[in-house]
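Welcome! Take a moment to look over the sequence and the structure before reading on.

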Amino acid sequence: MSLFVKQEQVVSDSIHVMDTQCPFCSVQCKMQVIEDRSAADGKSVYSVVPMPNQASEGRLCIKGIYAYQHVLTGERLLHPMVKRNGRFERITWDDAYRLIASKFNYLREAYGNHTVGLYGGGSLTNESAYVLGKFARVALQTKYIDYNGRFCMSAAASAGVKVFGIDRGLTNQLSDIELAECMILAGTNIAECQPTLMPYFKRAKEKGAIIIAIDPRETGTTRIADIHLRVKPGMDATLANGMLKVLLEEGCLDEEFVANRTTGLTELRAHLDSLDMEEIAHLTGVPSQLIRKAALSYGKAQTGMVFTARGVEQQTDGHMAVRNFLNLVLLTGKIGKPGCGYGAVTGQGNGQGGREHGQKADQLPGYRLIENPEDRAYVANVWGIDPSELPGKGVSAYEMMEKVHEQEIRALFVMGSNPLVSNPNANFVEEGLKKLDFLVVADFLISETAQLADLILPVTAFLENAGTLTNLEGRVLLREADLAAPGEAKHDWQVLCELAEQLGKGQFFQFTQVEDVFNELRLASRGGTADYYGITYERLRKEEGVYWPCPEEGHPGAKRLFESSFPLPAGRALLTTVENHLPKEQISEDFPLYLTTGRVLVHYLTGVQTRKSPSLAARDVESFMEIHPSTAKKHHIEDATLVKLTSKRGEIHVRSRFSDAIREDTVFVPMHWGDTQNVNKLTNDELDPTCKMPGFKVCAVQVSPLVSEYV
Ligand SMILES: Nc1nc2c(c(=O)[nH]1)N[C@H]1C(S)=C(S)[C@@H](COP(=O)(O)OP(=O)(O)OC[C@H]3O[C@@H](n4cnc5c(=O)[nH]c(N)nc54)[C@H](O)[C@@H]3O)O[C@H]1N2
Ligand SMILES: Nc1nc2c(c(=O)[nH]1)N[C@H]1C(S)=C(S)[C@@H](COP(=O)(O)OP(=O)(O)OC[C@H]3O[C@@H](n4cnc5c(=O)[nH]c(N)nc54)[C@H](O)[C@@H]3O)O[C@H]1N2
Ligand code: SF4
Ligand SMILES: [Mo]
């Protein structure tokens with residue numbers, strides 16, 4: 001039952017109340033955007049009202065409050081645009097579809113089906129993500145599809161599947177946080193990245209909970225922590241080994257849980273016994289006494305939760321680092337009961353759902369696997385094709401960029417991402433994109449990637465585009481939308497269906513409204529790990545979201561996972577032996593500092609949307625480099641001056657910002673700007689061997705004043 005009663009909507013001819021939810025992060029806060037058209041000058045005035053919902057509890061952060069601005073900016077894409085002689089010119093949708101079909105068909109005949117690649121995103125609704133996955137496999141029969149979530153969730157997702165048997169952001173509801181006596185926040189900056197969740201942690205603290213933060217920098221999140229482990233970038237797996245060693249030595253094991261519900265203790269114990277605490281302290285830069293204090297706080301608490309986010313995960317050992325944090329959870333038996341659990345704090349609005357329904361290179365809807373014969377047969381049957389017509393698995397997002405470089409992929413269709421700014425080693429990516437025979441970008445704004453495109457397709461934004469999104473708890477939410485599309489913009493899923501028609505595959509894409517897509521997705525996911533079969537639009541309108549797996553309409557949805565077993569052989573979770581691991585790129589005489597990257601409160605990802613919102617853009621107009629004053633002095637850098645950062649791969653120019661709260665061997669630059677401030681010109685493109693996550697959080701750089709005479 002809903003906790004809240006919906007407010008009465010007072011509507012008149014001049015007032016338009018739009019029920020919606022914020023397009024940005026994974027909390028998916030509900031809100032109303034209210035347009036008042038009564039002003040004498042005819043101009044609309046907008047106001048935003050946070051709406052009650054069990055996740056956000058009626059809160060909004062600043063990004064949500066101003067999200068409407070990028071939708072209503074005068075810079076929206078209104079018509080399909082083709083590039084002729086270096087300039088974009090308006091064309092009709094029919095001509096755009098004909099052009100795509102002729103280019104794709106020509107290239108497919110010359111080079112085979114896999115010459116066309118698709119690149120999706122975690123901002124797409126479940127419905128659009130589902131249609132994109134189906135479009136790749138059925139309309140184009142290409143194996144090359146992947147999405148930006150590869151850079152976001154893949155380490156935690158692959159670790160969750162391996163260790164627990166399921167990958168769902170949080171294993172329990174947000175409301176469990178208040179029941180936890182101790183929380184480990186590892187590489188997660190909730191204060192800036194999911195701000196409306198902070199009250200959950202503050203309330204837990206008021207009840208006496210101890211919070212441990214692991215981050216090389218001080219952030220709004222580390223400031224609420226009782227213990228801050230200022231780890232050396234990339235050394236989280238080693239730090240977790242230190243904590244595990246303390247847990248074993250101090251008898252903090254939940255013997256019964258470990259004996260009955262896990263495997264792998266003997267190997268793990270032998271491995272931990274062989275490690276030396278002082279070496280761990282040296283490698284991680286965290287004093288052994290502090291590691292001990294943190295481990296005991298968590299180990300001795302009756303209840304507790306562990307959260308990881310991109311600080312731990314965006315590493316070349318991200319998969320194993322997460323598995324080592326899951327060891328902490330399992331050894332202490334803190335899962336599957338009130339106040340206990342694990343959370344991979346998902347990132348994008350639909351970072352969770354976006355990875356469940358077929359955008360990933362190796363997956364079909366419902367987390368089915370494209371290389372598993374039973375899974376192929378099931379989905380092919382729902383789609384009305386023969387399983388042999390389905391392609392096999394492709395490669396990860398960055399590896400697709402390598403295929404683009406090698407011209408194995410000659411045409412790329414991007415929907416919901418700005419890969420030129422968000423991929424590591426951006427100079428290499430730009431070279432590749434420029435080699436493409438044909439680049440199509442579907443967006444509602446002109447991103448840096450869209451500027452390189454041969455064709456841009458205008459799509460609808462959140463106030464216009466209804467559909468479901470799955471938040472960080474695995475709670476499926478229905479986003480309503482009734483604002484008319486501007487110009488000739490169409491919904492993502494609609495564009496794909498119409499294009500399929502042009503490609504002669506229209507019979508597989510007969511959806512007239514978004515709910516039709518969801519109903520097919522329910523069937524396609526039925527019986528899979530992420531089973532949405534029991535979720536309907538009707539339920540979503542009545543309830544405040546429904547958790548998956550939800551196999552039947554009468555099923556309440558799974559609010560807490562793993563209460564009695566794990567979906568793995570013998571119902572047991574897997575303990576993992578994780579070696580101490582150094583980041584792939586080490587500092588050197590030429591590149592003496594670690595660079596780590598991340599986010600600030602007011603901007604979102606590559607900034608395409610938030611930089612178009614005047615109220616947000618004004619708060620942080622340019623990028624910056626956070627640096628410790630004593631490090632700055634060594635490199636002759638003054639505060640608030642322009643600096644040059646160089647790595648083996650490129651160079652950027654940003655302004656210095658002094659902070660004595662960052663490690664002296666590390667600088668930090670956010671990821672929200674392009675061109676000369678695109679931090680990914682510096683980042684390393686080495687990938688985690690298991691999940692193919694790039695090591696966005698560590699590379700080696702050199703810093704110097706940009707133009708010393710002007711600073
Ligand atoms: N304001 C804002 N909010 C967002 C987003 C946004 O762009 N802006 N993006 C959304 C998305 S898609 C995502 S994925 C999430 C990301 O959410 P987070 O993962 O919380 O954000 P980041 O800033 O990338 O990284 C978190 C922290 O990791 C720290 N860190 C860096 N290197 C290391 C390391 O080696 N070890 C450890 N332990 N910590 C390290 C950084 O200092 C940073 O404070 O946020 C979502 N919310
Ligand atoms: N150095 C460094 N790089 C990183 C990260 C990091 O921490 N450090 N984080 C990584 C992470 S976690 C992520 S999630 C990626 C994200 O990186 P990107 O995928 O590049 O994400 P966005 O900036 O959100 O780009 C989305 C684009 O899609 C458009 N868009 C938004 N909604 C929709 C929609 O519904 N339909 C369509 N068609 N278009 C839409 C936006 O206008 C924008 O142009 O970046 C990764 N890159
Ligand atoms: S950015 Fe996240 S926390 Fe902020 S309003 Fe949007 S959904 Fe809520
Ligand atoms: Mo993300």
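Which residue forms a salt bridge with arginine 655?

## A bridge across the chain

This is a predicted model. In it, the partner of arginine 655 is glutamate 622, and their closest N and O atoms are 2.5 Å apart. The two come from distant parts of the chain, 33 residues apart: arginine 655 belongs to strand β26 (residues 651-658), while glutamate 622 sits in the loop between α24 (614-617) and β24 (624-627). Arginine 655 has a relative accessible area of 30% and is partly exposed; glutamate 622, at 25%, is partly exposed too.

Shared partners can also tie salt bridges together: Glu57, Arg59, Glu178, Arg203 and Lys207 form one network in this way.

## Other salt bridges

The count of salt bridges comes to 39. One of them pairs the side chains of lysine 490 and glutamate 498, at 3.1 Å from N to O. Here lysine 490 is buried because its relative accessible area is 17%, under 20%, whereas glutamate 498 is partly exposed at 28%.

Lysine 403 and glutamate 408 also meet through their side chains, at 3.8 Å from N to O. Lysine 403 is buried, with a relative accessible area of 19%, and glutamate 408 is partly exposed at 35%.

## A look at glutamate 686

Where is glutamate 686? You will find glutamate 686 in the loop between β27 (666-670) and β28 (699-705). Its relative accessibility is 33%, so glutamate 686 counts as partly exposed.

Leaving aside residues up to four places away in sequence, glutamate 686 touches Thr316, Lys584, Met693, Pro694 and Gly695. Glycine 571 is 115 residues from glutamate 686 in sequence, and their C-alpha atoms are 35 Å apart in space.

Methods
Residues are numbered from 1 along each chain as its sequence is written. Chains are lettered from A and ligands numbered from 1 in the order in which they are written. This is a predicted model: local features need pLDDT of at least 70, side-chain atom pairs count only at pLDDT 80 or more; totals for chains, interfaces and linings use all residues. Side-chain values use heavy atoms; hydrogens and water are left out. Helices (H or I, at least four residues) and strands (E, at least two) are DSSP runs, numbered from the N terminus. Buried means under 20% relative accessible area, exposed over 50%, partly exposed in between (1.4 Å probe, protein chains only). Contact means heavy atoms within 4.5 Å. A salt bridge is a side-chain nitrogen of Lys or Arg within 4 Å of a carboxyl oxygen of Asp or Glu.
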